[in-house]
Structures are given as structure tokens and as C-alpha cells.
Amino acid sequence: MNISTAFPSKYLKASDAEDGDLTLTITRVKVETIGQGPKAESKPVVYFAEVEKGLVLNKTNANAITQIAASGDTDDWPGKKIRLIATEVEFQGNLVMSLRVRSAGKKPKPAAAPAQPVEQADAPDDSD
């Protein structure tokens with residue numbers, strides 16, 4: 001048994017994108033209390049049409065959506081498509097898996113194969 005299935009989260013995590021990027025359509029943004037006790041914080045949470053779980057925004061992902069939506073007003077975000085990728089990031093000196101927001105229209109291009117040298121035909125000799 002995977003322990004994350006024993007304790008499911010109502011928020012998206014990097015493990016939710018382990019099998020590939022998630023392309024999602026924003027439906028709403030809601031401020032929620034994240035955590036409990038003295039460490040509880042109010043944070044914006046983005047919800048999507050395709051999944052039930054929300055994405056708790058950090059500043060990096062909030063700024064990325066602001067650029068994609070061309071607006072810092074979360075009321076303008078519904079209907080915008082984003083892509084979530086799981087990637088390693090540095091957190092408190094350690095590398096951890098995290099979700100990052102990317103534009104839904106820009107997928108990374110595969111590395112191009114090195115160009116093979118083209119053999120050139122001999123040019124006609126005009127010195128006759």
C-alpha cells in the first residue's frame with residue numbers, strides 16, 4: 001500500500017503529476033486556512049474543472065499564473081489553462097519534489113539530434 005493513499009490530501013502534490021504533466025482549467029480561486037494551530041496560514045487555493053483537488057499557491061506559482069492569465073486579479077483566472085509539472089526544487093537546503101506551473105501551450109521541446117554534416121557536390125569547374 002502506498003502511504004499517501006492511506007492519508008489522502010485534498011490538495012495537489014508532486015506525486016499527483018508523477019505519471020506526466022497535468023493540463024488543467026482553472027474554475028475558481030478561494031482563500032483557505034492551510035495547516036493547524038499556530039502554524040495555520042491563509043493561502044489562495046486554485047481549483048480546476050478536471051480534478052477535485054486544489055493547488056495551494058506559493059508565490060512562485062502565483063506569479064506564473066499571473067503571467068499566463070495576463071492579470072494579477074484572481075477573478076480573471078477562471079477559464080485559463082495551465083500545466084502542472086513535478087520537478088525538484090530546493091527547500092530549506094534540500095532537494096524535494098514540488099509542483100510548478102507552466103503555460104499549457106508551451107511543452108518542452110525534445111532535444112534535437114545533432115545535425116549530420118551534409119556532403120556537398122563538387123561545384124562545376126568554370127575555369128575552362
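Guide: Two strands pair if DSSP finds at least two bridges between them. Strands (E, at least two residues) and helices (H or I, at least four) are DSSP runs, numbered from the N terminus. The model is predicted: local features need pLDDT of at least 70, side-chain atom pairs count only at pLDDT 80 or more, and totals for chains, interfaces and linings use all residues. Residues are numbered from 1 along each chain as its sequence is written, and side-chain values use heavy atoms, leaving out hydrogens and water.

Visitor: What is the order of the strands in the open sheet?
Guide: The order is β3-β2-β1-β4-β5, with antiparallel pairing.

Visitor: Why do β3 and β5 stand at the edges?
Guide: β3 (55-56) and β5 (94-103) each have a single partner strand, so one side of each lacks a neighbour in the sheet.

Visitor: What makes β4 and β5 a pair?
Guide: 10 bridges join β4 (residues 81-91) to β5, and the two run antiparallel. Within β5, V101 stands opposite L84.

Visitor: Why is N61 called buried?
Guide: Buried means under 20% relative accessible area, exposed over 50%, partly exposed in between (1.4 Å probe, protein chains only). N61 is at 2%, so it counts as buried. N61 lies in helix α2 (residues 59-69). Leaving aside residues up to four places away in sequence, N61 touches L99, R100 and V101; contact means heavy atoms within 4.5 Å.

Visitor: What makes R28 a charge over the ring of Y47?
Guide: The rule wants NZ of Lys or CZ of Arg within 6 Å of the ring centre and within 35 degrees of the ring normal. R28 lies over the face of Y47, at 4.2 Å from the ring centre.
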